[in-house]
Amino acid sequence: MNVKAEDIKLSYGAEAILKGVSMEAGNREFVGLIGPNGSGKSTLLKCVYRVLSPDKGAVFLDGKPLKDMNYKTSARSLGVVAQHNYYNFDFSVREVVLMGRSPHKKALERDNAEDYAIVAEALKTVGMAEFADRSFSTLSGGEQQRVILARALAQQTPCLILDEPTNHLDITHQLQLLKIVKKLDATVISAIHDLNIAAMFCDRIYVLKNGEIVAQGTPREILTRELIREIYEVESDIVEDSKGNMHILFY
Ligand SMILES: Nc1ncnc2c1ncn2[C@@H]1O[C@H](COP(=O)(O)OP(=O)(O)OP(=O)(O)O)[C@@H](O)[C@H]1O
């Protein structure tokens with residue numbers, strides 16, 4: 001699925017947060033969104049997954065304007081792993097992941113054996129199968145994050161939007177989550193803070209600063225000492241290991 005955001009503008013009061021942002025993720029491309037705190041990454045992603053509607057500009061899925069789709073149709077296309085996940089009710093882990101199936105159901109249609117099998121498989125994939133009956137609210141931040149990924153997997157969408165998905169995760173689970181996502185061969189747009197993680201997984205990276213895209217390209221093109229200095233005001237060295245992978249060392 002191709003996902004395109006075109007000239008997105010969004011302000012809170014007098015403050016312009018997104019100042020005409022355009023970005024695109026091609027079919028099965030893994031696109032990273034990097035930039036300092038407050039640069040507008042989450043806001044842009046929220047415009048893509050319809051929590052916010054931009055003041056100007058539009059989002060297109062395979063060329064179709066998102067705003068013309070009903071929510072159920074877009075939920076069959078876009079799965080989301082957001083930064084914060086709160087539920088007002090005490091759902092079990094299984095119930096949370098089952099919510100991923102709802103865009104595929106008719107009104108009042110009950111969950112069936114196939115839904116339960118998909119949910120069990122998704123929980124197994126993220127290593128949370130034995131937590132199925134636990135209350136979601138009692139899980140640690142990292143465990144909750146993996147369950148939310150399972151919910152997105154159960155949704156079986158051709159595109160995933162991830163907002164700093166590895167926030168609460170230890171290094172083992174950071175790599176596990178991104179490997180799972182990479183293997184899906186879906187279109188992925190992910191805000192990522194860790195530039196080494198971005199270098200490992202992204203096909204292409206967009207750099208957002210003060211609500212504007214200031215650079216885009218492959219990790220090798222983007223993650224240079226000069227750009228890192230310009231965007232983050234830190235000094236770094238870029239080195240290559242024996243396998244040809246790039247690593248960024250910060251000073
Ligand atoms: N509801 C709101 N009202 C006013 N300002 C807001 C609101 N939501 C976000 N902002 C502001 O918009 C700017 C962009 O926020 P956003 O969360 O998109 O940044 P981000 O790049 O995702 O940051 P981070 O890396 O810290 O997660 C910030 O300055 C934030 O304070």
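Predicted model: local features only at pLDDT ≥ 70, side-chain atom pairs only at ≥ 80, totals over all residues.
Which residues are around the ligand?

**View 1. The shell around the ligand.** Around the ligand you'll find Y12, I17, G35, N37, G38, S39, G40, K41, S42 and T43. Sorted by class, that shell comes out as seven polar, two nonpolar and one charged residues. Helix 1 (residues 41–48) is the top contributor here, giving three residues.

View 2. The protein chain splits into domain 1 (1–77 + 157–225) and domain 2 (88–156). Their centres, taken over C-alpha atoms, sit 24 Å apart. Domain 1 puts 13 residues into the contact, and domain 2 puts in twelve residues. On the domain 1 side, helix 2 (71–75) and helix 6 (171–183) are the elements that give two or more residues. Helix 6 gives the most to that side, with three residues.

**View 3. The largest nonpolar core.** This core has 66 residues, and L44, V48, V97, A122, A150 and I161 touch the most other members.

**View 4. Zooming in on I161.** Leaving out residues up to four places away in sequence, I161 touches L45, V48, Y49, L78, V80 and I189.

**View 5. The annotated stretch.** An unreviewed UniProt entry lists residues 3–235 as "domain: ABC transporter". Over residues 3–235, the chain is 33% helix and 26% strand, with its end C-alpha atoms 34 Å apart.

Key:
Residues numbered from 1 in each chain as written. Core = buried A, V, L, I, M, F, W, Y, C linked by C-beta atoms within 7 Å. Buried ≥ 20, exposed ≤ 12 C-beta atoms within 10 Å, placed from the backbone. Contact = placed C-beta atoms within 7 Å. UniProt positions renumbered as here; feature names shortened; annotations may be inferred. Helix = DSSP H or I, 4+ residues; strand = E, 2+ residues; numbered from the N terminus. Near = placed C-beta within 6 Å. Nonpolar A, V, L, I, M, F, W, Y, C, P; charged D, E, K, R; others polar. Domains from an automatic or database assignment.
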